[in-house]
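Hello,

Here is the structure you asked about. Please open it next to this email and follow along.

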Amino acid sequence: MGHPCLRTPAEDYPIDDIGTAQFETLIEDMRDTLHAYGGIGLAAPQIGVGYRIAIIEIENTQTRYGEVEYTPFDVYINPLVTCIKEGQAGYWEGCLSVPGMRGFVERPQHIRIDYLDQSGNSSQKEVHGFLATVFQHEIDHLDGVLYVDRIKDKSLFAYEQEYLQFHAGPEPAPEPKNCV
Ligand code: ZN
């Protein structure tokens with residue numbers, strides 16, 4: 001946080017460049033970073049690349065969040081979010097770009113993503129619940145927005161230790177999720 005790249009709206013990724021060696025290297029770098037930090041999502045500006053590309057992968061569907069769906073690794077190029085149904089919910093979000101912190105953010109819970117997949121095909125995906133929060137967190141990065149901007153009640157912005165001590169209980173205790 002503080003790096004201008006995180007605050008600059010990213011540019012559309014050129015469709016003709018999808019599938020090039022440069023593209024594959026970028027996706028590999030993003031995937032390595034995601035795995036190195038144990039996150040579930042990452043946006044290109046987080047590694048200093050100002051293009052509209054996000055990746056999401058949720059392999060470990062930790063059961064304390066009943067709503068977390070297994071989501072195999074995928075690449076979302078030039079994604080757009082459309083709200084398809086009313087309904088907001090809040091989760092404690094975390095971010096690789098804001099290390100050691102958690103914040104409670106409410107977002108729409110029923111959305112559609114229109115994007116290009118990693119072969120350059122137009123695709124659509126409807127997502128709900130916590131997964132909708134994950135997608136919006138990542139796509140915010142492409143607009144230069146951080147989750148901290150969306151914390152309405154600033155008393156719900158905390159160091160991880162205080163989050164665990166004061167906000168994560170009693171039950172079901174939500175596991176902090178790294179939407180890096
Ligand atoms: Zn993030």
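**What was found**

Asn78 is buried, at 16% relative accessible area (buried means under 20% relative accessible area, exposed over 50%, partly exposed in between, with a 1.4 Å probe and protein chains only). Its place is in strand E3 (strands, E, are DSSP runs of at least two residues, numbered from the N terminus). Asn78 is not a glycine, yet it has a positive phi of about 50°.

Some background on the model. It is predicted: local features need pLDDT of at least 70, side-chain atom pairs count only at pLDDT 80 or more, and totals for chains, interfaces and linings use all residues. Residues are numbered from 1 along each chain as its sequence is written, and side-chain values use heavy atoms, with hydrogens and water left out.

Next, Asn60. Look in the loop between strand E2 (53-58) and strand E3 (71-83). Asn60 counts as exposed, with 56% relative accessibility. Tyr70 is 10 residues from Asn60 in sequence. In space, the two are 7.1 Å apart, C-alpha to C-alpha.

Now the cysteines. A disulfide is a covalent bond between the sulfur atoms of two cysteines. The rule used here asks for a pair of cysteine sulfur atoms within 2.5 Å. By that rule, the count is zero disulfides. Cys5 counts as buried, at 15% relative accessibility. Cys83 counts as partly exposed, at 46%.

Best wishes

Technical notes:
Helix = DSSP H or I, 4+ residues; strand = E, 2+ residues; numbered from the N terminus.
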